[in-house]
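Q: Please take a close look at one part of this model. I would like a connected account of how it packs and what it touches.

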Amino acid sequence: MSEQHVELILQWEADANTDRVRDWLRQRGIGFMPMQSGLLIFGNKGTFDQHLSVSLDNITPPAQIPVPPELQNDVKSIMLPSPRRPYA
Amino acid sequence: MMRFGLPVETVSDNPLPREILGYISVRGPQSVFDPAVTTLSTAAGAYQATPTDRAEVSRNLQNQGFTIIAESPLGVSVSGPPGAYEDLTGGTVVAKERLTHGEAGYHFYRTHLDIIGEQQPSVFGVGRARSAHVKIDGVVLEKPHVLHSVFPSPSPPNSPKFYLTVPDDVAAILNSISAHRSGAVGSGVAVAMPDTGFYRHPFFTVQHYEVATPITVVPGTNRSKDPVGHGTGEAANIFALAPGCTLQPIRASDNQGNLVAAIAGFLKAKEINPRIITSSWGGDEDYPPLGPPNQMDLAIAAEIQDAIHRGILVVFSAGNGQFSVEPQVPGVLAAGGVFVDQNGSPRASDYASGYQSTWFDNPVVPTVCGLVGMQPRAQYLMLPVPPGCELDREEAGPSIDPPDPPDGTTADDGWALFSGTSAAAPQLAGAAALLLGAKPAMTPAQVIEALSRTAVDVVVGRSFPQRFNNPATPGPDLATGAGLIDVGAALQYATGHF
């Protein structure tokens, strides 16, 4: 389960230091892609469990998860979206 | 060797291996790599290199990153990364699929490696050293001994169920054949499709469809695989209407086939800036919605809207009973379902979502429809899939609840009967590609206008009754939007108006 790939949506605070957040993510091996209002962040579940101080196994999407204290000046929210599935 | 019109050699999506086994011949008095040589010399030691040259070559190879596996008086067997071979030869190592004889008389595509470049010999798998000073007269890449895939037939099997084929039935019912005959085939139009993956099924090869090497967005996944078969099968719908377009598959599934990176797949699709993005997936939220869209929905909607603002036509499936934000975003071409029976009579598919959104500007989902089967399983389109994939296995078995007989194919033949609004979205994307190929200056809104204004009105049936239950009625309605697309009429409309 810890190897399961997960994607989360991170939204910026106004006047966020986005470089600082990107560095924080990079140092922890969390991938990211820019979005209109923040970042799509992704990686395996174990990595998120370790660095977001909450186990994603205990969260039912869609849900907001706590922003790590180091990022609270720059990140308004981190959200676990509901799963997407093929429509077949 | 040709079989079913399959070429001896075709594109490979398999990534290069990290280590490639090869044989490197050290130059002796004679060389088998001389193009004029067609037989072996009988002279003793004709090809043997001097011990000094062999030692020098081995030393240089190791310095270049090769591992020496075995040595002989003629040359060395080595293992090395692709880059080491490229440094040695000045060529490029590429993977290709080659049709080979297999067990029990069957034919298979197997992945072979070649070294290509201006200075490289035309013989497959053979390279030439960049410099004559290195005392090497030939480089040979080992042929694969591992089977790449079983060989699915490029032609579909029969099924006792009523079903439609791709490309013929879908193209005929959606009226694209006359457009194809006039040369409108979607040439030059790039369509990106984030989905579970894409397997280069011989169906696509024999039809000469153009599919770019898939891109993956989940680390550690293989770009040539599609564990579910969904992306592969649905892609055939695009080409049924736009056989000349170029498909860029984006694999957003993990190794089990779960669509764990759908949003990343969509962002990647935007990055490559295609004319069309088609997505046959979505979420499922409460209906009627408990309130306005939440921040997550809005974040996804903002990405979709941005793609539309950049001139990309975005197609999303309406859902198979689901309610999700993607098809509701204003400007999206939302794909619903119409079932056309044995007699050619259309009705709203009871498998497809159809509703009026209370979000944004109250758009109707769907905008227009493609071909979709009926409940219980919508087994309607015979589509090519990776042999033995999830869809191949599941559709070949019976459904117990609700009861539905098997699709009549086998669990590992590389064909399965399925549909859903997952099929409608790529059909609409194919129709749009055909229009954009003929009229490249059309905007996404104009493409949607052409498809909507010319759609065939559907007046029978209801959208997914367990949740929406909206009737198809004369004129636009909440079950089918403007109705079933008519590609020939849409092309005429586009030609006359834009």
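**Helix H10 of chain B and its surroundings**

The crossing of H10(B) and H11(B) is right-handed. This holds for a predicted model.

A: Start with the two helices. H10(B) spans residues 421-438, and H11(B) spans residues 444-453. They pack at an angle of about 110 degrees, and their axes lie 10 Å apart. Angles of 65 to 115 degrees count as roughly perpendicular, so H10(B) is roughly perpendicular to H11(B).

Now the residues. H10(B) contributes Leu428(B), Ala431(B), Ala432(B), Leu435(B) and Leu436(B). From H11(B), they meet Val447(B), Ala450(B) and Leu451(B). By class, this contact has eight nonpolar residues, with no polar and no charged ones.

H10(B) also takes part elsewhere. The contact between the chains takes 33 residues from chain B and 23 residues from chain A. On the side of chain B that touches chain A, H10 supplies at least two residues. By class, the side of chain B that touches chain A has 14 nonpolar, 14 polar and five charged residues.

Within it, Pro86(A) stands opposite Trp281(B) of E15(B).

Methods
Residues numbered from 1 in each chain as written. Chains lettered and ligands numbered in written order. Predicted model: local features only at pLDDT ≥ 70, side-chain atom pairs only at ≥ 80, totals over all residues. Axes fitted to C-alpha atoms, helices over the stretch in contact; angles between N-to-C directions. Helix = DSSP H or I, 4+ residues; strand = E, 2+ residues; numbered from the N terminus. Parallel < 35°, antiparallel > 145°, perpendicular 65-115°, else oblique. Left-handed = near helix turned anticlockwise from the far one by under 90°. Contact = placed C-beta atoms within 7 Å. Nonpolar A, V, L, I, M, F, W, Y, C, P; charged D, E, K, R; others polar. Pairing = 2+ DSSP bridges.
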